[in-house]
Amino acid sequence: MNIAIVTGATSGMGKEFVLALDKQQQLDEIWVVARRQQILCDLQSQVQAKIVPLALDLTKQESFEQFQAKLQEASPNVKVLVNAAGFGKFLHFEKTPLATLMQMIDLNCKALMAITYLTLPFMKQGAQIYQMGSLSSFQPVPCINVYGATKAFVLSFSRALNVELAPKQIKVMAVCPGWIKTDFFSTAIEDSTISYFNRYYTPQQVVEKALVDMKKGKDLSILGFPVRMQVRAVKFLPTKTVMKIWCKQQKINTKLDKK
Ligand SMILES: NC(=O)c1ccc[n+]([C@@H]2O[C@H](COP(=O)([O-])OP(=O)(O)OC[C@H]3O[C@@H](n4cnc5c(N)ncnc54)[C@H](OP(=O)(O)O)[C@@H]3O)[C@@H](O)[C@H]2O)c1
């Protein structure tokens, strides 16, 4: 049985991957993971493959036990894994509740790693793994501080894993877009700390580019010329300058230049 597994499938990037993979791949089933069961079930009306809803909170340890048990019971051939569950908060570090920051690391890093780990034994030559990173994978981001750090983890983990899995011909790619119009913002925005969003892409554009880049054998997918330029620039500019530009854009009060 050929399947794809997509986390964060109720919304935004995850949902878009479900729709696109259903068209691109020959899949018997798509296992969709997120907390909102009814929305997962509703995906069935939009795809050909059988939707298998796994209503799991990926910040909870028992979810991984349930996920592993389901894999062991069905023993599928996982052709594609997409780790798109994730969230951020646009707030000063000290104003963000500690529990929220811990959950962010649990979901964006630990869950992404654990789902990858548990799924790999069910993947063969030619299998593909898409990991949702971000433009913030490449630079420290004041006031999206912990989120940016989780995305740096995703990038580093995914690129290194891609090298480790090369002998098995399993591809791992980090998808690192700029801003995308999704529900991400309704979770992330608490006040006006972050208010300047220079440009938005759509989930369709990001997924389309990711599928093309995977076919080309890339380990990194970045949509849009300005985003690619920013990724290049932050490699050469001093990190202090990069953060200063960001803080200026966002009108974040900082004394960085006096340090
Ligand atoms: N939007 C952007 O500007 C942007 C830019 C760069 C990267 N990204 C990354 O892209 C990925 C997808 O984000 P998005 O923009 O598509 O946001 P989104 O529309 O808010 O989707 C987030 C998904 O994660 C799921 N999720 C949240 N908490 C969960 C939990 N505890 N357990 C299981 N699933 C959970 C949500 O489903 P439930 O609520 O049903 O659980 C939802 O399906 C994230 O990793 C994000 O960091 C987004």
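Is Glu-16 buried or exposed? Glu-16 is buried, with a relative accessible area of 15%; buried means under 20% relative accessible area, exposed means over 50%, and partly exposed lies in between, using a 1.4 Å probe and protein chains only. Before we go on, keep in mind that this is a predicted model, in which local features need pLDDT of at least 70, side-chain atom pairs count only at pLDDT 80 or more, and totals for chains, interfaces and linings use all residues. Residues are numbered from 1 along each chain as its sequence is written, and side-chain values use heavy atoms, with hydrogens and water left out.

Let's stay with Glu-16 for a moment. You will find Glu-16 in helix H1. Helices (H or I, at least four residues) and strands (E, at least two) are DSSP runs, numbered from the N terminus. Leaving aside residues up to four places away in sequence, Glu-16 touches Pro-203, Gln-204 and Val-207, where contact means heavy atoms within 4.5 Å. Glu-16 and Thr-202 are 186 residues apart in sequence, yet their C-alpha atoms are 9.7 Å apart in space.

Now look at the strands. Strand E1 (residues 2-7) pairs with E2 in the parallel sense over five bridges; two strands pair if DSSP finds at least two bridges between them. Ala-4 has Ile-30 in E2 as its bridge partner. To get from E1 to E2, the chain passes through helix H1 (residues 12-24), making a right-handed β-α-β crossover. Right-handed means that, with the strands pointing away from the viewer, the path from the first strand over the helix to the second runs clockwise.

On to the next pair: E2 and strand E3 (residues 50-55) are parallel too, with six bridges. Here Val-33 stands opposite Leu-54 in E3. The chain goes from E2 to E3 through helix H2 (residues 37-42), and this β-α-β crossover is right-handed.

Why is strand E2 (residues 29-34) largely enclosed by the rest of the structure? Because six of its six residues are buried. In a regular strand, side chains alternate between the two faces of the sheet. In E2, Glu-29, Trp-31 and Val-33 point one way while Ile-30, Val-32 and Ala-34 point the other way, and all are buried.

Finally, the cysteines. A search of the whole structure finds zero disulfides, a disulfide being a pair of cysteine sulfur atoms within 2.5 Å. The sulfur of Cys-109 has its closest cysteine sulfur in Cys-176, 13 Å away, so they are too far apart for a bond. Cys-109 counts as buried at 7% relative accessibility, and Cys-176 counts as buried at 0%.
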